[in-house]
Amino acid sequence: MTNNEIKPQPGNDGSAVPGQKSAFTSPLLISALVITGAIAIWGLIDAGGLAAGAAKLVHVQFISRGWFIMLAASFMLIVSIWLALSRYGRIRLGQDDDEPEFSTISWLTMLFAAGMGVGLLFWGSAEPLTHFDLIKNYEESGAAAGQALFVTNFHWGLHAWAIYALTGLVIAYFGFRRGCPSLIGSPILDTFGRNRVTNLVGWLSNLLAIVAIAIGVGGSIAMGVFQVKDGIDTLLNLSGTGLGLTTVVFFVLCVSYFPALVVDLSTGMAKLSNTAMAVAAGLMIFILLAGPTHYLMGGITEAIGNYFGSVVGHGFRTFTFMDEHVGNWFQSWTLTYMVWWIAWAPFVGVFIARISKGRTIREFLLGVILGPTVFSMLWFGVFGGAGFHAVLQEASGIMDVVRNNVSAVTFFMLESYPLPLLTISLVIVAAFLFIVTSVVSAAFVLGMFSSEGDLNPSVKIKLSWGVILAALGYVMILSGNIGAIKSIIALGSLPFVFVVLILVVCLLKTLKKEFEE
């Protein structure tokens with residue numbers, strides 16, 4: 001759910017060399033294309049069957065292993081905090097005399113951009129109100145609103161960014177300090193040596209990372225297309241456009257990003273990404289100033305206290321003793337988010353690592369975890385708070401929109417603010433730009449991972465992944481609803497939970513060894 005912009009760079013340590021055989025003979029690339037292609041074909045033939053099958057399998061896995069997912073996410077947050085505060089925090093990501101490439105301000109800005117994608121545009125008001133719709137059955141409305149905002153911040157806060165940060169730290173440490181290729185399996189081979197078992201585990205880790213990224217990006221494409229389509233409906237006062245307009249938006253998206261896979265438009269893509277980020281930040285400030293500012297700031301202040309006072313304990317909650325409705329909600333939201341972040345971790349991790357060479361582990365972890373978390377809390381405090389004001393103070397019909405068409409919630413809310421045509425248009429543009437830049441960057445990362453760490457994957461490989469991502473995105477669209485999309489993403493992400501934990505073990509073991517030498 002990000003808009004990371006990765007600029008390919010030639011080099012060694014896993015990059016292609018002259019005379020290297022075609023990557024299309026790589027078993028990893030062939031296996032990854034076959035698996036993701038098969039999922040796409042299944043979905044195109046029987047989208048309902050794919051969605052139903054994914055939902056059933058994910059439900060079984062969440063019931064049996066939900067506790068493990070929460071332990072894993074909390075473990076990664078605790079390890080991140082410990083590393084930042086420990087003696088290892090002084091270790092530099094690179095050689096001891098390396099200096100950061102970017103200033104701290106520029107670096108933090110890019111981190112905000114990494115975390116600010118179509119997901120926040122989509123869920124800004126919709127997610128807090130969706131949680132509120134359930135929690136108000138158990139608590140009075142005011143307390144339910146506060147709890148709903150807390151849960152939303154939990155989903156997008158420290159745990160999510162600890163998963164990203166620790167994965168990115170592994171890639172940066174083994175890449176810049178140990179000279180390993182930019183592959184998920186490289187730390188396993190570097191730590192435990194090469195043998196039949198480690199070669200297999202490393203290869204499977206690379207494959208699972210590719211599958212998780214591809215399916216995760218496909219889901220983000222679908223969410224973005226849904227939001228752009230509903231924005232156009234609102235802007236032009238259309239109704240009943242259905243799959244027709246959705247397909248048109250999807251086609252325009254494909255036409256927009258395929259040229260960027262053929263030529264190096266990295267600078268242009270970065271500008272588009274920064275533009276989308278600026279638009280989103282501008283919208284947040286506009287809502288804060290044009291809306292009930294005192295109400296929103298009061299809610300943000302309260303949310304900060306609630307979050308930092310309860311976030312660690314909530315990371316261990318599994319809602320085991322609650323009723324079925326709460327249990328299903330926990331699976332559909334909290335568990336799905338945790339595995340969703342894990343699915344995106346290799347993708348986001350590569351981006352974070354590439355911009356963080358020369359920083360210490362302490363700087364890296366504190367910046368990556370705290371900066372985007374604070375921004376996300378401000379974002380949901382403004383958009384979620386505006387939604388709660390509409391429900392609790394204005395008695396608007398926004399809850400009907402939440403229940404019937406969640407992708408239209410942001411536009412419904414903006415219609416009650418000044419300059420609705422302008423703000424709705426800006427959301428459409430920002431959402432579209434976020435999707436384009438995300439897909440282009442994802443095609444590059446997938447090309448790099450599937451061609452043995454080649455830092456400049458061929459155009460053919462990037463185009464192949466562009467086609468696969470488009471097919472997966474359209475499959476998600478055909479599945480028809482956000483719940484189905486979340487189930488398919490979760491199914492693709494679950495196996496990678498174990499890979500991330502192995503990578504953390506590799507990092508801790510190698511850090512200890514470095515200090516002992």
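Buried here means under 20% relative accessible area, against over 50% for exposed and partly exposed in between, with a 1.4 Å probe and protein chains only. Helices (H or I, at least four residues) are DSSP runs, numbered from the N terminus. The model is a predicted one: local features need pLDDT of at least 70, side-chain atom pairs count only at pLDDT 80 or more, and totals for chains, interfaces and linings use all residues. Residues are numbered from 1 along each chain as its sequence is written, and side-chain values use heavy atoms, with hydrogens and water left out.

Helix α5 spans residues 126–135. Nine of its ten residues are buried, so α5 is largely enclosed by the rest of the structure. The buried residues are Ala-126, Glu-127, Pro-128, Leu-129, His-131, Phe-132, Asp-133, Leu-134 and Ile-135.

Helix α7 (residues 158–177) is enclosed as well. Of its 20 residues, 18 are buried, so the rest of the structure largely encloses α7. Gly-179 follows α7 and has a positive phi, near 70°.

The largest nonpolar core holds 189 residues. Such a core is a set of buried Ala, Val, Leu, Ile, Met, Phe, Trp, Tyr and Cys residues joined through side-chain atoms within 4.5 Å. Trp-123 and Trp-465 touch the most other members. Helix α13 (residues 324–354) gives the most to this core, with 20 residues.

Helix α13 also packs against α7. Their axes come within 7 Å and cross at roughly 40°. Axes are lines fitted to C-alpha atoms, for helices over the stretch in contact, and angles run from 0 to 180 degrees between N-to-C directions. The angle makes α7 oblique to α13. Angles under 35 degrees count as roughly parallel, over 145 as roughly antiparallel, 65 to 115 as roughly perpendicular and the rest as oblique. The crossing of α7 and α13 is right-handed, a term for a near helix turned clockwise from the far one by less than a right angle. Contact means heavy atoms within 4.5 Å. Among the α7 residues in this contact are Trp-161, Ile-163 and Tyr-164. The α13 side includes Trp-341, Trp-344 and Arg-354. By class, the contact of α7 with α13 has 17 nonpolar, four polar and one charged residues. Ala, Val, Leu, Ile, Met, Phe, Trp, Tyr, Cys and Pro count as nonpolar, Asp, Glu, Lys and Arg as charged, and the others, Gly among them, as polar.

The axes of α13 and α17 come within 10 Å and cross at roughly 90°. That makes α13 roughly perpendicular to α17. From α13, the contact uses Pro-346, Phe-347, Val-350 and Arg-354. The α17 residues include Phe-444, Val-445 and Phe-449. This contact of α13 with α17 divides into eight nonpolar, two polar and one charged residues.

Two residues of helix α2 (residues 47–85) complete the account. Ser-80 lies in α2 and is buried, with a relative accessible area of 1%. Its contacts, leaving aside neighbours within four places in sequence, are Ala-162, Leu-166, Leu-365 and Ile-369. The C-alpha atoms of Ser-80 and Ile-163 are separated by 8.8 Å, at 83 residues apart along the chain.

Gly-66 also lies in α2. Gly-66 is buried, with a relative accessible area of 3%. Not counting residues up to four places away in sequence, Gly-66 touches Gln-61 and Leu-335. Gly-66 and Gln-331 are 265 residues apart in sequence and 7.8 Å apart in space, C-alpha to C-alpha.
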